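Me: I would like to go through the labels attached to this model one by one, asking in each case what lies behind the word. Please set each value against its definition before concluding.

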Amino acid sequence: MEENWKDYYHKGLAAFLTVAMCILFFFLIFRFDQIRTYAKMIMKILRPFAFGAVIAYLLSPLCNHFERYLAKAAKLEKRPEEAAGRLKRLFAGVSIFASLFLFCFVIYVLVAMVVSQVFSSVRMLVEAMPEYILKATIWLEDLVKEDTFMINYVEQYSEQILYGMQDFARTQLLPNINDIISGGSISLLTFLMTAKDLVIGLIVAVYFMNSRRLFACQAKMLVHAFFPPREHLKEDQMQPADWILKEADIINDYLGGFIKGKLLDSLIIGLICMVFTSLVNMPYAVLVSVVIGVTNIIPFFGPFIGAIPTAALILMVSPVKCIYFIIFILVLQQFDGNILGPKILGNTTHLSSFWVLFAILLFGGLFGIVGMVIGVPVFAFFYQLVREWVLGRLKKQRLKKEKKEAAEKAFL
């Protein structure tokens with residue numbers, strides 16, 4: 001009787017899941033816009049938790065370091081168990097506070113040092129833009145001054161551009177000024193909402209960091225509950241739960257190590273660029289350094305994305321300094337790619353240049369800038385899964401030693 005009940009239960013569950021998947025597939029195909037709208041609404045509600053989770057994830061190694069340092073300084077292993085437990089809880093709270101305080105202090109220092117300088121550089125750029133246009137016009141006129149046809153052509157289209165700008169201001173800009181003000185108000189409101197979510201995210205990060213070990217333990221218990229041990233496994237086979245936890249550790253090493261190392265690497269690159277541009281009195285030194293440091297977070301394309309617009313800015317002021325800047329960026333990127341980057345990141349992804357480029361283009365196209373940042377470690381994880389599967393299949397086929405070594409080298 002019990003066997004029949006279990007059989008009916010499994011058949012009913014399979015039928016229910018089949019119908020549910022069919023309904024879900026129907027909505028994904030024919031109600032995709034509605035599903036995307038609801039997904040955006042849910043993501044907007046959960047955005048503070050996402051901010052808190054990211055902050056806690058980035059600060060957890062620092063918090064663990066503080067806890068180990070305090071425990072070592074207080075010699076907890078030599079104290080009674082009850083006293084050691086109280087001190088351990090105290091040290092956990094102190095470590096969380098110290099990590100968040102250091103995080104907020106660094107953000108404040110960066111904002112105080114950089115934002116004012118960036119605004120100053122942007123203001124200088126806006127004020128100098130008419131002069132740059134005048135210089136470009138004079139240069140163009142000198143270039144074609146001996147050609148009467150060309151100079152008339154340039155003057156004709158210069159007047160057309162001027163009249164076009166005036167017509168645009170009269171017919172488009174002024175009538176739509178209310179919409180522009182409304183758009184600015186919406187942007188300000190969006191900024192305030194993001195700031196509010198960040199503040200709430202800091203509070204959420206405290207709870208995440210305080211319960212990080214509990215959450216990790218609960219996750220392991222859930223994995224073992226959903227994937228119970230199997231009997232009659234071979235000696236070289238792992239239990240499903242153990243395999244899932246092992247792969248979770250691998251993706252954590254890939255993703256966490258890559259992002260944290262890349263942030264530190266980009267900060268150092270930005271500081272080096274700021275020192276150089278300040279020493280040689282480069283125009284827009286702080287703005288250029290911020291752009292170079294931020295875009296350096298993006299692998300492969302980052303240096304080019306940051307160097308092109310900043311070199312154009314410097315070119316408007318001094319072509320000679322622009323050449324010096326381009327040479328410096330080339331040297332800096334060689335230093336970062338061959339010395340600093342491998343020293344900080346190590347060979348964490350085990351991907352060739354082709355797969356790095358493929359991952360950036362694929363995830364960048366799907367998820368934008370965030371995809372370009374996390375695409376390499378995430379793709380490296382899936383590459384690792386394929387590598388393990390291929391090597392496992394080859395091992396079952398009992399290939400010769402030479403073929404096994406060749407296959408392993410192909411997936412390094």
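Me: Which residues of helix 10 are called buried?

Reply: The buried residues of helix 10 are Gly-302, Pro-303, Gly-306, Ala-307, Thr-310, Ala-311, Leu-313 and Ile-314, where buried means under 20% relative accessible area, exposed over 50% and partly exposed in between, with a 1.4 Å probe and protein chains only. The model is predicted, so local features need pLDDT of at least 70 and side-chain atom pairs count only at pLDDT 80 or more, while totals for chains, interfaces and linings use all residues. Residues are numbered from 1 along each chain as its sequence is written, and side-chain values use heavy atoms, with hydrogens and water left out.

Me: Why are helix 9 and helix 10 called roughly antiparallel?

Reply: The axes of helix 9 (residues 285-295) and helix 10 (residues 302-317) come within 8 Å and cross at roughly 165°, the axes being lines fitted to C-alpha atoms over the stretch in contact and the angles running from 0 to 180 degrees between N-to-C directions. Angles under 35 degrees count as roughly parallel, over 145 as roughly antiparallel, 65 to 115 as roughly perpendicular and the rest as oblique, and helix 9 and helix 10 are therefore roughly antiparallel to each other.

Me: Which residues of helix 9 make the contact?

Reply: On the helix 9 side they are Leu-287, Val-288, Val-291, Ile-292 and Thr-295, and their partners in helix 10 include Gly-306, Thr-310 and Ile-314, contact meaning heavy atoms within 4.5 Å.

Me: How does the length of helix 8 compare with what it should span?

Reply: The expected span is 1.5 Å times one less than the number of residues; for the 40 residues of helix 8 (residues 240-279) this gives 58 Å, and the end C-alpha atoms are 58 Å apart, which agrees. Helix 10, with 16 residues, reaches 24 Å from its first C-alpha to its last, close to the 22 Å expected.

Me: What makes Ser-95 count as buried?

Reply: Ser-95, which lies in helix 4 (residues 81-144), has a relative accessible area of 0% and is therefore buried. Leaving aside neighbours within four places in sequence, Ser-95 is in contact with Cys-63, Phe-66, Glu-67 and Leu-70.

Me: Why does Ile-344 count as partly exposed?

Reply: The relative accessibility of Ile-344 is 27%, so this residue counts as partly exposed. Ile-344 has its place in helix 11 (residues 319-345), and its C-alpha atom is separated by 8.0 Å from that of Lys-262, 82 residues apart along the chain.

Notes: Helix = DSSP H or I, 4+ residues; strand = E, 2+ residues; numbered from the N terminus.
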